[in-house]
Amino acid sequence: MGELRLFLEQYDWGGLAFALQRVLGVLVCLTVHETCHGLAALALGDPTARRMHRLSFNPLHHIDWLGLASMFLCGFGWAKPVPVDMRYFKNPKAGMALTALAGPVSNFLLALALLFGASIIYRAAPAGAVMVWLFYFLMNTAILSIGLGLFNLIPIPPLDGSKVLFSLLPERAYYTLMRYERYGMAVLLLLVWLDVGSSALSNGIDVVYQWMAGLFF
């Protein structure tokens, strides 16, 4: 019993609480992102995501376990892509672009909602360990959500920004590039491994975060 008590006294509970915040935050951000892809596709006439039960805010419907592990080990990860059949869209290129854009936009809106909630806790909630944990959870998750939104706007396949950019190309070039989309993941992994563009992304996250936080604090 003495050894157990000593272990409990020396354990880094603060680190565990932070790790829990990060896990929950990543799950919230990825779930909202993928679900909003599906909702946008449905609004544009594609019922594929609904048929495959991907219009859900249950994280288990969206988790790619390898992508989740990569998120924590490498700072770069992914969820299971929401299935989209662009043949349902009246304008396939525009429909795909809007569906893709829904993910990052949802992350920016989520960040605003989280910061608004944090501001209410900061001003009105009674002091206490639970409220402090919740405040920092909301703030840190807002940063994660902004980061996910900005990262996905990078115009490299299979990120959402590439689908928006490709929609501006002529038909033949568009469908040619879409066929080679799967090779983009290897390019992304190489860029992450070489640490290319990380400072620019970090600066972008900081700028957006400071602007959003300034709306509420």
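1. Rings of Phe, Tyr and Trp (its six-membered ring) pair if their centres lie within 6.5 Å; planes under 30 degrees apart count as stacked, over 60 as edge-to-face and the rest as tilted. The structure holds six such aromatic pairs. One of them joins Phe-135 and Tyr-136 in an edge-to-face arrangement, at 5.2 Å centre to centre and 80° between the planes. Ring pairs also link Tyr-122, Phe-135, Tyr-136 and Phe-217 into a cluster.

2. This is a predicted model, in which local features need pLDDT of at least 70 and side-chain atom pairs count only at pLDDT 80 or more, while totals for chains, interfaces and linings use all residues. Residues are numbered from 1 along each chain as its sequence is written, and side-chain values use heavy atoms, with hydrogens and water left out.

3. The protein chain has ten helices and zero strands; these are DSSP runs numbered from the N terminus, helices being H or I with at least four residues and strands E with at least two.

4. Helix H5 covers residues 92-124, 33 residues in total, and reaches 48 Å from its first C-alpha to its last. That is close to the 48 Å expected, the expected span being 1.5 Å times one less than the number of residues. H5 bends by about 30° at Ala-102, and Pro-104 follows within four residues. The bend is the angle between axes fitted to the seven residues ending at a residue and the seven starting there.

5. Of the 217 residues of the protein chain, 40% count as buried. Buried means under 20% relative accessible area, exposed over 50%, and partly exposed in between (1.4 Å probe, protein chains only). Phe-135 is buried, with a relative accessible area of 15%, whereas Tyr-136 is partly exposed at 46%.

6. A nonpolar core is a set of buried Ala, Val, Leu, Ile, Met, Phe, Trp, Tyr and Cys residues joined through side-chain atoms within 4.5 Å. The largest has 28 residues, of which Leu-115, Leu-138, Met-139, Ile-146, Tyr-209 and Met-212 touch the most other members. H2 (13-43), H5, H6 (129-152) and H10 (198-216) each supply at least two residues of this core, and H6 gives the largest share, eight residues. A second, separate core of seven residues includes Ala-41, Met-96, Phe-166 and Met-178.

7. Which residues does Tyr-209 contact, leaving aside its neighbours within four places in sequence? They are Leu-115, Met-139, Ile-143 and Ile-146, where contact means heavy atoms within 4.5 Å.
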